[in-house]
Amino acid sequence: MSTRSLVSSVTCPHCWAEFPPAQVRYVAEHAALMGDPVLGDSAAMRFLPSRFDARGRAIDPFGASASRMACMRCHLELPPAALELPQAIVSIVGAPASGKSVMLAAASFSLRSGLVVDGLEFVDADPSLNDLTLELESSLFRSSTPDSPAMIAKTDLAGRLYRSFRVGDANWTAPKPQLFVVGRKGKRHLLCLYDNAGEHFLPGADAPHEPVTRHLGVSRALVFVVDPTQDQRVIERLGGREAVQAVGGAGSIDQRQDLILIEVANRVRRLRGLSAYDPLPFRIVLALSKADIWGSVTDPPIAADFGGFRSGQSIAVPPMEVLQRADATCREFLARYMPELLATARALDPNLRIVPFSGLGNPPSSATLGTRLAIRPRDVKPVWPAAPLVVALSEAEPALFPEHAVG
Ligand SMILES: Nc1nc2c(ncn2[C@@H]2O[C@H](COP(=O)(O)OP(=O)(O)OP(=O)(O)O)[C@@H](O)[C@H]2O)c(=O)[nH]1
Ligand SMILES: [Mg+2]
């Protein structure tokens with residue numbers, strides 16, 4: 001029998017409770033054991049085992065062997081990797097319509113291809129849990145109808161992307177985690193991502209029993225998706241709001257993105273008991289989305305060749321010197337057009353990193369689907385879609401991506 005080594009403390013990716021692996025619950029297998037006080041009548045009972053069979057599986061109260069595990073608090077199922085691998089939770093944050101869902105889909109799709117970083121292993125920890133990402137990917141990145149225009153829908157604020165459980169006498173709702181095993185250079189981590197709706201990050205949107213952004217209290221890095229086409233000064237430079245909206249930009253310019261960043265920083269500090277003036281306890285990566293639209297405005301224009309690296313393999317993460325050149329170009333662009341956002345981010349993390357990307361690579365249009373913007377999956381050519389995530393991971397876990405870490 002092979003031996004398994006366990007982490008010393010498990011962080012539940014559903015409700016973020018921390019507990020020792022010995023406290024993990026098992027999911028009863030016996031058909032008569034339906035009904036669970038935390039999850040309701042349609043879920044199988046969760047139990048703390050006291051007996052195990054010869055193969056190390058737990059034995060449920062009616063004698064059936066059980067191998068599926070669940071969190072001790074929310075009782076939601078945990079993939080075995082949650083007990084064996086150290087976790088790297090990365091919070092993806094940004095205003096509504098800034099491009100978070102497109103980035104998540106483009107990044108996970110390209111990371112699976114093996115063409116993004118040499119020697120990277122990237123697999124679903126549990127495909128049944130990752131149905132959300134797989135669905136997002138299949139609409140634009142692995143479509144069976146590549147000539148029919150499509151688009152990723154706005155992320156719902158409630159519903160099937162979330163799950164409910166009962167703790168004490170309160171019902172809780174939390175977003176479904178997307179879990180991946182990321183391995184490289186002999187190290188493996190459980191990468192944990194969430195696709196929030198942008199509205200969740202607006203000031204005042206943090207309801208106590210809907211801890212939809214509570215991952216900010218445990219995450220190891222923050223990817224803040226900045227959409228320059230939501231800024232009035234950039235919009236003017238690009239020919240006005242209508243011109244920008246026609247190619248996928250500026251869904252709304254009502255949100256001040258620097259205020260969202262301040263709100264998120266306040267939640268991070270509150271959840272971790274930090275003082276209001278502490279710098280954030282992790283690296284901030286500003287991921288500048290939709291570079292296909294605004295990239296012509298930077299000096300030099302980043303859209304032309306993405307800092308000298310838009311060769312055949314545009315989904316690959318470029319070498320460090322190219323990333324640093326793009327960072328410098330974008331820093332200048334932000335200082336000129338969105339100075340308060342850059343100043344806010346710098347105050348929170350003096351060593352922040354800036355990575356431009358384009359999840360679609362080409363602008364969507366309304367030509368074929370009436371007023372809704374869409375793009376033929378065949379025309380989707382993401383540029384650096386996984387770079388913000390890899391840079392964030394390189395800062396959180398330098399051993400995985402030493403060549404991309406500044407440290
Ligand atoms: N030109 C261009 N448009 C993009 C790109 N990525 C996203 N868009 C446009 O921006 C819109 C919003 O993108 P989403 O990824 O759904 O944004 P989101 O941040 O997930 O939004 P919420 O779910 O509302 O928080 C899309 O419907 C596209 O029209 C891109 O790389 N280039
Ligand atoms: Mg979304």
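Between which two helices does the loop that holds Gly 240 lie? Gly 240 sits in the loop between helix H4 (232–237) and helix H5 (241–245); helices (H or I, at least four residues) and strands (E, at least two) are DSSP runs numbered from the N terminus. This is a predicted model, in which local features need pLDDT of at least 70 and side-chain atom pairs count only at pLDDT 80 or more, while totals for chains, interfaces and linings use all residues. Residues are numbered from 1 along each chain as its sequence is written, and chains are lettered from A and ligands numbered from 1 in the order in which they are written.

**Domains**

- The domain assignment, which is automatic or from a database, gives domain 1 (10–79) and domain 2 (85–404).
- The C-alpha centres of domain 1 and domain 2 lie 34 Å apart.
- Twelve residues from domain 1 and 17 residues from domain 2 take part in the contact, where two residues are in contact if their C-beta atoms, placed from the backbone, lie within 7 Å.
- On the side of domain 1 that touches domain 2 there are eight nonpolar, three polar and one charged residues. Ala, Val, Leu, Ile, Met, Phe, Trp, Tyr, Cys and Pro count as nonpolar, Asp, Glu, Lys and Arg as charged, and the others, Gly among them, as polar.

**Ligand 1**

- Ligand 1 is surrounded by 26 residues, and the closest are Lys 100, Ser 101, Thr 155, Gly 198 and Gly 248. A residue is near a molecule if its C-beta atom, placed from the backbone, lies within 6 Å of it.
- The shell around ligand 1 holds twelve nonpolar, ten polar and four charged residues.
- At least two residues of the shell come from each of helix H2 (100–112) and helix H7 (291–294).
- H2 gives the largest share of the shell, three residues.

**Helix packing**

- The axes of H2 and helix H3 (residues 131–140) come within 9 Å and cross at roughly 90°. Axes are lines fitted to C-alpha atoms, for helices over the stretch in contact, and angles run from 0 to 180 degrees between N-to-C directions.
- H2 and H3 are therefore roughly perpendicular to each other. Angles under 35 degrees count as roughly parallel, over 145 as roughly antiparallel, 65 to 115 as roughly perpendicular and the rest as oblique.
- Ser 101, Leu 104, Ala 105, Ser 108 and Phe 109 of H2 meet Thr 133, Leu 136, Glu 137 and Leu 140 of H3; by class, the contact has five nonpolar, three polar and one charged residues.
- Helix H9 (residues 320–337) and helix H10 (residues 339–348) pack with their axes 5 Å apart, at an angle of about 120°, and are therefore oblique to each other.
- In H9, Arg 331, Leu 334 and Ala 335 meet Pro 339, Leu 341 and Leu 342 of H10; five of the contact residues are nonpolar, none is polar and one is charged.

- In helix H11 (residues 387–396), ten of ten residues are buried. A residue is buried if 20 or more other C-beta atoms lie within 10 Å of its own, exposed if 12 or fewer, and partly exposed in between, with C-beta atoms placed from the backbone.
- The buried residues of H11 pack against H2 and strands S11 (87–94), S17 (221–226), S18 (283–288) and S19 (353–356).
- Gly 240 counts as exposed because it has 11 C-beta neighbours inside 10 Å.
- Val 167, in strand S13 (residues 162–167), has 14 such neighbours inside 10 Å and so counts as partly exposed.
- Not counting residues up to four places away in sequence, Val 167 touches Val 38, Arg 73, Cys 74 and Trp 172.
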